[in-house]
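Trainee: I am new to this structure. Please take one part and walk me through it closely.

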Amino acid sequence: MAQEQEKKTFDWLPEGMEPLADGEYDAIIMGTGLKECVISGLLSVQGMRVLQMDRNDYYGAECASLNLTNLYKKFNAGDPPENLGANRDFNVDLIPKLIMACGNLTKMLLHTKVTRYLEFKSIEGSYVYKGGKILKVPATPEEALRSPLMGLFEKRRFRSFLVFVDQYDETKPETHKGKDLTVMTMKQLYESFGLQPDTHQFISHAMCLKLDDVHLGQPALGTVKELQIYCYSLSRYGTSPYIYPVYGLGGLPEGFSRLCAIHGGTFMLNRDVDEIMYNDKGEAIGVKAGNEMARAKFVVGDPSYFPKEKVNATGQIVRCICFLNHPIPNCGDLESVQIIIPGPQVNRKNDIFVCSISSSHAVSAKGVYVAIVSTKMEGNEADKEVIPGLALLGHIMQRFTMVETTYEPVSDGHADKCYISSSFDASSHFEGDVEDLLSLYKRVTGKDLDMTINADSVEADY
């Protein structure tokens with residue numbers, strides 16, 4: 001009887017329906033992908049009452065880390081062979097991405113103190129594919145002078161360019177050297193240093209992490225700032241500008257979920273949303289799951305939770321997860337690397353991304369290397385799209401291939417109170433996805449996330 005009395009009743013609850021969890025919330029978040037978990041963590045810290053639901057029985061949604069059994073099950077590949085090692089040794093990311101050491105995702109982790117739940121290690125090498133060879137991305141102006149990426153005179157011009165970028169400060173005109181980067185295009189900036197088109201391509205794709213060449217015709221300031229973050233991250237950790245969580249990326253959404261839970265958030269795994277409820281104005285006011293309902297001021301989620309008319313398909317991405325019994329060849333036997341293949345190098349518009357991690361990051365058994373090849377689809381045959389990347393890997397013990405359609409929201413969410421994240425892009429780093437996350441945060445809260453924190457202050461041994 002006491003339990004009967006404790007059960008909450010609400011005027012808005014239709015007859016025969018039960019309240020879902022506590023019934024009323026400020027926000028309902030659908031999915032436990034990284035973007036959704038960051039939002040739930042940040043909103044709960046601000047005192048909002050948050051309900052977060054996921055149709056899966058694990059955290060991470062499409063960016064989850066799976067053990068060996070779950071990975072083979074996902075791809076209907078039968079039982080994993082015993083020679084790969086113990087199930088518990090594997091934490092294989094479905095969407096593997098590296099974190100820029102001094103970039104915006106690191107700032108978010110610091111801003112929310114989620115770093116206390118995670119341990120990071122640096123990625124050992126950053127490479128670019130040029131003229132049929134894998135070449136190291138120079139880490140310093142001095143290394144640039146020894147790099148086989150370019151000829152002697154081009155090296156000197158490249159060094160001068162790097163020195164200019166390193167010293168450039170938007171607020172100090174004396175560092176501008178007469179160049180107005182709010183007007184001058186990136187192509188004009190490259191040309192002003194006498195750099196050749198091949199060098200433009202290498203800097204833009206391997207260092208500024210641009211996915212195409214649109215930025216060449218745009219004001220250079222944004223691209224120069226991205227290059228500064230790359231160079232700064234590189235100088236901080238020496239071997240590459242990237243870091244990666246020990247035990248895989250699944251720890252990131254879990255860390256933000258823990259933050260949300262500490263601040264009173266409610267989580268429901270293995271619970272799908274049957275319907276989003278709307279008022280007469282077409283604004284989302286809650287969700288229905290079975291015979292239970294919860295109300296909220298707005299809903300947030302990944303595209304898979306929303307009707308087709310609220311999202312646009314933006315293309316398809318092919319990702320290959322490969323198990324190797326050796327490091328990627330021609331990369332100095334490193335345990336972890338990133339290789340960018342600029343699209344024009346292999347007659348493509350879109351870059352191909354290759355990265356490899358191993359037991360040093362606790363994602364696989366000793367002696368097994370997890371390599372991932374990903375790119376945006378340009379044709380209809382997934383296997384053909386990734387040939388240039390797979391060709392760099394050497395012998396492949398096991399390969400899993402998936403093709404996913406990517407989506408973005410049709411509107412910003414203000415009219416219908418449905419705030420939808422975009423799908424993760426094809427790159428092997430988070431820089432583009434963090435831009436979407438910052439945009440999502442601003443759409444939901446109406447204000448920019450404070451990103452002024454210094455990314456140097458990560459208290460971890462990289």
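Mentor: Start with a term: a residue counts as buried when its relative accessible area is under 20%. Keep in mind that this is a predicted model. Now take Val 386. Its relative accessible area is 0%, so Val 386 is buried. Val 386 sits in the loop between helix 11 (382–385) and helix 12 (387–390). What does Val 386 touch, not counting residues up to four places away in sequence? The answer is Val 318, Cys 320, Val 373 and Thr 375. Thr 401 lies 15 residues from Val 386 along the chain, and their C-alpha atoms are 10.0 Å apart.

Among the buried ones are Leu 34, Cys 37, Val 38, Ile 39 and Leu 42. Even Lys 35 and Glu 36 are on that list. Which elements do the buried residues of helix 2 pack against? They meet strand 2 (27–30), strand 3 (50–53) and strand 15 (298–301). They also pack against helix 4 (104–111), helix 10 (251–262) and helix 13 (431–445).

Check the length of helix 2 too. It covers residues 34–45, and at 1.5 Å a residue it should span 16 Å. Its end C-alpha atoms are 17 Å apart, which agrees. Just after helix 2 comes Gly 47, with a positive phi of about 95°.

Notes:
Residues numbered from 1 in each chain as written. Predicted model: local features only at pLDDT ≥ 70, side-chain atom pairs only at ≥ 80, totals over all residues. Heavy atoms only, no water. Helix = DSSP H or I, 4+ residues; strand = E, 2+ residues; numbered from the N terminus. Expected span 1.5 Å × (residues − 1). Buried < 20%, exposed > 50% of the residue type's maximum accessible area, 1.4 Å probe, protein only. Contact = heavy atoms within 4.5 Å.
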